[in-house]
Amino acid sequence: MPLPPPTESPSTLCCFLLALLFSSTFLHLAGAHRSSSTLSSTVLSEWRPARASYYAATDPRDTVGGACGYGDLGRSGYGLATVGLSSSLFEKGLACGGCYEVRCVEELRYCIPGTSIVLTATNFCAPNYGLPSDAGGLCNPPNSHFVMPIAAFEKIAIWKAGVLPIQYRRIKCIREGGVRFTIQGRRFFVAVLISNVAGAGDVTAVKVKGTATGWLQMGRNWGQNWHIGADLRGQPLSFELTTSDGVTLTSYNVAPHGWSFGRTYVGKQFPF
């Protein structure tokens, strides 16, 4: 959607947007840090080796989009505590929504000692097959690579590091409020973007139920966009979600009888 005509000079508007972006970024990045006592009960995997690089988000539009389909990352609650994953980690979109604790290792010149940051997978780092995996093709298979905003990168290392070795592990996601269901489509085609998922965070199976139907399996279109070919208009909708750790959450009557396309509805939340 285009921005309205500015009432101030372009430079003033630009500064305002950047200030808004970075104030939001600060809040989300601050929330991405957790104490060791909290993390001990939320760990889902062991530490594993990888490499990381960053991009400089100088334009507010850099927080919009991504291969997981979340749209505006600020409005969807993710901010800049996010990461793009190489294909070996992205798993064709199945990793979307999962949370990773990342820490800098080995590069003592650049690492900030005793720090780590929690990031949500929201994007894909595409391979560059024109370059070897060990000479510029950072996200080529079989590399495990993380690309994060510079604001996140600088929580664990000095920006001059460029590309550096890290360790990562899967942990449970902590979210505010319930799971969000954004319904799109038309008549006999229903598409649902699922976001703000706590717990494991990465949804692997979805079912939908109307008052006139049983439970219907939805297919994953891309990222965390799920779809079904059915006319579900005029009936409350319930959803059953399963995440990668096998936990299932059922939210009944999330969308009311008069639900409409283009709206977002909030259900229950996974434990974390």
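Strand β8 and strand β11 (residues 225–228) run antiparallel and are joined by four bridges; two strands count as paired if DSSP finds at least two bridges between them. Strands (E, at least two residues) and helices (H or I, at least four) are DSSP runs numbered from the N terminus. This is a predicted model, in which local features need pLDDT of at least 70 and side-chain atom pairs count only at pLDDT 80 or more, while totals for chains, interfaces and linings use all residues. Residues are numbered from 1 along each chain as its sequence is written, and side-chain values use heavy atoms, with hydrogens and water left out.

- Strand β8 spans residues 189–195 and is mostly covered, with six of its seven residues buried; buried means under 20% relative accessible area, exposed over 50%, and partly exposed in between (1.4 Å probe, protein chains only).
- Strand β8 also pairs with β7, in the antiparallel sense and over seven bridges.
- In that pairing, T182 stands opposite L193 of β8.
- A hairpin is formed by β7 and β8, with two residues between them. In its turn, R187 has a positive phi of about 50°.

**Disulfides**

- The model has four disulfides, each defined as a pair of cysteine sulfur atoms within 2.5 Å.
- With the bonded cysteines of the protein chain numbered in sequence order, the pairing is 1-2, 3-8, 4-5, 6-7.
- C99 is bonded to C173, with 2.1 Å between the sulfur atoms. This pair links distant parts of the chain, 74 residues apart: C99 belongs to strand β3 (residues 99–104), and C173 to the loop between β6 (164–171) and β7 (180–186).
- The disulfide of C99 and C173 is right-handed because the torsion about its S-S bond is about 120°. Both of these cysteines are buried.
- C104 is joined to C111 by a disulfide with an S to S distance of 1.9 Å. The torsion about this S-S bond is about -65°, so the disulfide of C104 and C111 is left-handed.
- C104 is buried at a relative accessible area of 13%, and C111 is buried at 14%.
- C125 and C139 form a disulfide in which the sulfur atoms lie 1.8 Å apart. Both cysteines are in the loop between β4 (117–124) and β5 (145–149), so the pair ties together parts that are 14 residues apart in sequence.
- The link of C125 and C139 is right-handed, with 90° about the S-S bond. Burial applies to both C125 and C139.

**Nonpolar cores**

- The largest nonpolar core has 32 residues, of which L85, Y100, V102, L119, F146, M148 and L164 touch the most other members. A nonpolar core is a set of buried Ala, Val, Leu, Ile, Met, Phe, Trp, Tyr and Cys residues joined through side-chain atoms within 4.5 Å.
- At least two residues of this core come from each of β1 (48–55), β2 (82–85), α3 (87–90), β3, β4, β5, α4 (150–153) and β6.
- L119 is in contact (heavy atoms within 4.5 Å) with A81, T82, V83, G98, C99, Y100, V102, M148 and A152, leaving aside its neighbours within four places in sequence.
- A second, separate core comprises 25 residues, including I183, A198, F239 and A255.
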